[in-house]
Amino acid sequence: KFVVFDRPNPVGHRLEGNILDLKYRSFVGYFPILQRYGLTIGELALYFNEVFEINCDLTVIPMVGYSYDKDYVAYDLPFIAPSPNIPTLDTAHIYLGTCIFEGTNMSEGRGTTRPFSMIGAPFIDADDLAAKVKALNTPGIKVRPVHFTPNMSKHEGKQCAGIEIFLRDKNIFEPVKFGYQLLDIIRKDYKEFEFRVPWTEGSNQMIDLLTGDNKLKTNVDLNLIFEGFKQDEKTFEQSIRRFKLYA
C-alpha cells in the first residue's frame, strides 16, 4: 500500500522542456517526462503508477480547494525548502533553468546566499556576460553583473564573476529555455568553459543526464531544440490529461 497526501506544486502547472530519452536515464532523471512536468505530486504518482506499470496499491488523497489557475502564494502556505540550495520560492522557479549548470565548470551559486540565482566562474567577465544576457530580453526576469566567492562546491574560495538573476514575473518567465540560452552564450564566448563528467561511470556527460538528451552538448541549434520542446510538450500534455485531479 502506498498513500500520497497531495499538495500544491510551488512552480505551477506550465509545461516546458523535452521528454527524457531513456538512454540518458539516471538518478537525476529516471522516467521519460518533461523537465517541467506541471503536475502535483499526487498526479505524478498516478501517472507513474499506471503509465510506467509500477502497479502498486496506490491511494492519492486529493486537496480541497485547489485550482490550477491559482498561484501558490495565494494559499498563504509557507515555502518549505526542498534543499538548502533552493531556499526560496523564487529560487525554485529559477532553478528550473539554471540547474543544468551543475553539468559544467560554472558555479551555480552553491556556497553563497543565492544558489541557482547566481551563475559565474573565475574566467567570466561579469559586465560582458550581463550585457549579452540582457540583450536576450528574456520576459519575466532581470539580471545584473555580480562577483561572489563560494564557500563550498565548485570554485570554493575563489572569486567568481557572472550574473545574478531576479525573478520579476513567473507567469511569463520560461526558465528551461533561458537556461539553455545562457549556457549557449557562455559556451561560445569563453574558451575555458567545460562540461563536467558525471558522478557515475559511463559515456554520457553530466549535461546529458540533466537534460535527458545530448542535443545541448552537441551544439544543436537552439531554435531546433526549442521546436523539439513544442512537440514534446504537446505529446506530454496529451498523456497526462486523464490524471489531472483538479479544475
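Which residues does Cys 99 touch, not counting residues up to four places away in sequence? In this predicted model, Cys 99 touches Phe 116 and Leu 210 under that condition.

**Cys 99**
- Cys 99 is located in the loop that runs between helix H2 (89-98) and strand E3 (118-121).
- Because its relative accessibility is 13%, under the 20% limit, Cys 99 counts as buried.
- Although 108 residues separate Cys 99 from Ile 207 in sequence, their C-alpha atoms are 9.9 Å apart in space.

**The sheet**
- Three strands form an open sheet in the order E3-E5-E4, and their pairing is antiparallel.
- E3 and strand E4 (141-148) are the edge strands, each pairing on one side only.
- From one strand to the next, the twist averages 20°.
- The antiparallel pairing of E4 with strand E5 (residues 160-167) extends over 8 bridges, and Leu 167 in E5 is the bridge partner of Ile 141.
- H2 packs on this sheet and touches E3 and E5, with its direction at about 125° to that of E5.

**Helices H3 and H4**
- Helix H3 (residues 126-134) packs with helix H4 (residues 175-189) at an angle of about 135°, and their axes are 11 Å apart.
- H3 is therefore oblique to H4, and their crossing is right-handed.
- H3 contributes Leu 129, Lys 132 and Val 133 to the contact, while H4 contributes Phe 178, Leu 182, Ile 185, Ile 186 and Asp 189.
- Of the residues in this contact, 6 are nonpolar and 2 are charged, with no polar ones.

Definitions and conventions: Residues numbered from 1 in each chain as written. Predicted model: local features only at pLDDT ≥ 70, side-chain atom pairs only at ≥ 80, totals over all residues. Heavy atoms only, no water. Axes fitted to C-alpha atoms, helices over the stretch in contact; angles between N-to-C directions. Helix = DSSP H or I, 4+ residues; strand = E, 2+ residues; numbered from the N terminus. Parallel < 35°, antiparallel > 145°, perpendicular 65-115°, else oblique. Left-handed = near helix turned anticlockwise from the far one by under 90°. Contact = heavy atoms within 4.5 Å. Nonpolar A, V, L, I, M, F, W, Y, C, P; charged D, E, K, R; others polar. Buried < 20%, exposed > 50% of the residue type's maximum accessible area, 1.4 Å probe, protein only. Pairing = 2+ DSSP bridges.
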